[in-house]
Amino acid sequence: MANVPFSPDELVADGFHVGTTSMSFGGPAPKLKTPITPRENINHMLARDGEQMWIPGFTDFMGLESRVNKDHIARAEVIDCGAPLALEEKGGPDMFGIEWVFVPLVGGSMVKPGKPALEDVNDWPNVIQFPDVEAMDWAACKELNAPLNATERAFHVTFQNGFFERLISFMDFEGAAMAIIDEDQKDAIHALFSKLCDLYEAMITKYMECVNIDGVCMHDDWGSQRAPFFSVATCREMVMPYIKRMADFCHSKGLWFEQHSCGKNEPLAECMVEAGVDIWFPQAMNDVDMLIDKYGDKMVFSVAPPVVTEETSDEEVDKLAREFVAKYANKQKPIVLFAFRADPRFTNAVYRYSREAFNEQ
């Protein structure tokens, strides 16, 4: 691709990108006059082919959390082209029939406490009823979300409950944390996680028939603010094989694979890399610079912006953006600028300076 010099006209918004109507962070974003589309830029970023043209931001991605998957209704996080959930619709049964309770104070849901579905994972074949993928209303999903196919952003679907989170939903946290290191339950967990892979692969295939997705995001929180919930050895033995299976499946379909995992999980990054994960957006309590330095040639990380307020002068914002780009503009160790509602002065400046920096690389 020939070098395309930056033009200030690129920062003049030309309307908005196609977006969802439910949940604001999946909604429309200003559409800049970029020389290639955000989707193309992210594809080049993931390929590390030297053709990336700017540091992408969070709004260069668009996610779908369709109500065809009852997990999203149960967890009160539907992001699609339908009407936003009413308060009384949030919570309820997920796609396994597990009851969730919406907690307005925190804006999210938790499994109804006091009665876990499983006390022992060995019982799961007789207790856990897997959903019928064919019985889900994929035709409605396709019709409702057809407008999203016109997007020029990197388009992915999210699964709210990955492997450890699903185990927690069945057993509550204490039971899941004990089961995953209990020699008497490990074989049953392997069988359960393998069956979950069957389910997720079938659903991804259905999603691909409904919408033109580029990737899959698997939501599976692995840690607290201080440390992971389990060791690297446990992750490698009990969880990583199924992350690898999902990543391999996505890659075989031409999709990228993102592992969403909140918590201080930097020790587990090596497992993600070994499993073939393409993207992880770590929270700020992780040593993100260390992760980029150590693994950035194999996996893309997100970086939070510096604090910018209304009181921050234009000159200081510009200086912060220059410093950010000078530090992170690297086509072989690319990053994503991650912020739900970043100051557009900063994001526009990062776009400009990264365009200029990448044009010189």
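**Helix pair α10/α11**

I looked up how helix α10 (residues 314-328) packs on helix α11 (residues 344-360) in this predicted model: the angle is about 40° and the axes are 9 Å apart. Axes are lines fitted to C-alpha atoms, for helices over the stretch in contact, and angles run from 0 to 180 degrees between N-to-C directions. Helices (H or I, at least four residues) and strands (E, at least two) are DSSP runs, numbered from the N terminus.

The angle makes α10 oblique to α11 (under 35 degrees is roughly parallel, over 145 roughly antiparallel, 65 to 115 roughly perpendicular, the rest oblique). I noted a right-handed crossing of α10 past α11 (the near helix is turned clockwise from the far one by less than a right angle).

I then listed the contact (heavy atoms within 4.5 Å): it includes Val 317, Leu 320 and Phe 324 of α10 and Phe 346, Val 350 and Tyr 353 of α11.

**Sheet β2-β3-β4**

I found an open sheet of three strands in the order β2-β3-β4, paired antiparallel (pairing needs at least two DSSP bridges between two strands). β2 (92-93) and β4 (108-111) are the edge strands, each with a single partner, so one side of each lacks a neighbour in the sheet.

I traced four bridges between β3 (residues 99-103) and β4; among the partners, Val 101 faces Met 110 of β4, and Val 103 is bridged to Gly 108. The two strands form a hairpin with four residues between them, where Gly 107 in the turn has a positive phi of about 70°.

**Basis**

I numbered residues from 1 along each chain as its sequence is written, and side-chain values use heavy atoms, without hydrogens and water. Local features need pLDDT of at least 70 and side-chain atom pairs count only at pLDDT 80 or more, while totals for chains, interfaces and linings use all residues.
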